[in-house]
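Please look over the structure shown below together with its sequence.

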Amino acid sequence: MPELPEVESARHVIERMALGRRIVDVDDSDTYVCRPHVPGEIRMALMGRRLTAVHRRGKSMWCETSGVGRSRLPGPSLGIHLGMSGRIVFADGHGREVDGGDYWERGRAPGDHRFARFSLTFADGALLVLVDPRRLGRVRLDPPVETLGPDAREMTRAQFRAMMARGTAPVKARLLDQDALAGVGNLIADQALWLAKINPARPVDELSRADVDRLFRAVKGAIESAVGDGGVHTLSVVPSRAPDGVCPRCGAPMKQGTVGGRTTWWCSREQA
């Protein structure tokens, strides 16, 4: 499932390739992905506009749009959520494509738009497409991004400390709470807790300030590593999340359980 690093790669594609191009057609016919909008509603709202900026907070992404013609009044924002398998594909109309988003183990050949769920066509013939095999992405106008917590990549140490100072939830559940901290998914949480040598089921009110600060650095490190190396599948603990897995650091067996409703792996020795 796409986490913050995958969404950031999709955002980067839009920023590099799609901004400033005039929209001349919109395919919003998928009533599930484009809910609650009826077919044609997003098309009518975006025709003649340009994408002017693209933002990300956590796993959520949205684009600002321009006015139509000479109007300086901005248009609606366009929210794009990648779901569990979504990729953003930019095709220049001459066979060249750039994409970003979820990691597909088998890859995607250029021109393979079988799972296109939403698309923008630009005046120069280029396309911006949401390709989503599992059809769990979402496209909507003016998404309520103000309800999200601080972005995990941009948060401050003070914000992180405040988040960890409330309640008695297991620390992994708190990391996964998008209202508290936007962007950390299952794999980043496991990687960060492994780096910090903290048991994922430990209640947050039992963490010392040193534990919290160590976890803050670990979350930041896990995110930057995944962004730099191509996604959460590249994180060092991921290959060890298996029944015969051993800790990459000390060689002890990895343990599995459910924390915060998610399958969780941790080192039986260093995260006991």
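Buried means under 20% relative accessible area, exposed over 50%, and partly exposed in between, with a 1.4 Å probe and protein chains only. This is a predicted model, in which local features need pLDDT of at least 70 and side-chain atom pairs count only at pLDDT 80 or more, whereas totals for chains, interfaces and linings use all residues. Residues are numbered from 1 along each chain as its sequence is written, and side-chain values use heavy atoms, with hydrogens and water left out.

- D28 lies in the loop between β1 (23-27) and α2 (41-46), where helices (H or I, at least four residues) and strands (E, at least two) are DSSP runs numbered from the N terminus.
- D28 is buried yet has no salt bridge, and the nearest side chain of opposite charge, R43, is 6.3 Å away; a salt bridge here is a side-chain nitrogen of Lys or Arg within 4 Å of a carboxyl oxygen of Asp or Glu, and for charge Lys and Arg count as positive and Asp and Glu as negative, His and the chain ends not being counted.
- A polar atom of the D28 side chain lies 3.0 Å from the backbone nitrogen of G40.
- Not counting residues up to four places away in sequence, D28 touches C34, V38, P39, G40, E41, I42, R43 and F118, contact meaning heavy atoms within 4.5 Å.

**Cysteines**

- A search of the whole structure finds zero disulfides, a disulfide being a pair of cysteine sulfur atoms within 2.5 Å.
- The sulfur of C34 is too far for a bond, because the closest cysteine sulfur, in C63, is 14 Å away.
- C34 is buried at a relative accessible area of 1%, and C63 is buried at 0%.

**Nonpolar cores**

- In the largest nonpolar core, which has 31 residues, F160, M164, L175, L215 and V219 touch the most other members; such a core is a set of buried Ala, Val, Leu, Ile, Met, Phe, Trp, Tyr and Cys residues joined through side-chain atoms within 4.5 Å.
- At least two residues of this core come from each of α3 (157-164), α4 (171-176), α5 (186-196) and α6 (209-229), and α6 gives the most, with eight residues.
- Leaving aside neighbours within four places in sequence, F160 is in contact with M155, L175, L181, V212, L215, F216 and V219.
- Apart from this core lies another, of 29 residues, with V26, C34, A45 and V54 among them.

**Salt bridges**

- The count of salt bridges comes to 20.
- R153 forms a salt bridge with E8, their closest N and O atoms being 4.0 Å apart; R153 lies in the loop between β9 and α3 and E8 in helix α1 (residues 4-17), so the pair ties together parts that are 145 residues apart in sequence.
- In this pair R153 is partly exposed, with a relative accessible area of 22%, whereas E8 counts as buried at 12%.
- R21 forms a salt bridge with D124, with the closest N and O atoms 2.2 Å apart, and the pair links the loop between α1 and β1 to the loop between β7 (116-122) and β8, 103 residues apart.

**L136**

- L136 has its place in the loop between β8 (127-131) and β9 (138-141), and at 34% relative accessibility L136 counts as partly exposed.
- Not counting residues up to four places away in sequence, L136 touches G83 and M84.

Conventions
Polar contact = N/O pair within 3.5 Å; in protein donor to acceptor, adjacent residues only side chain to side chain.
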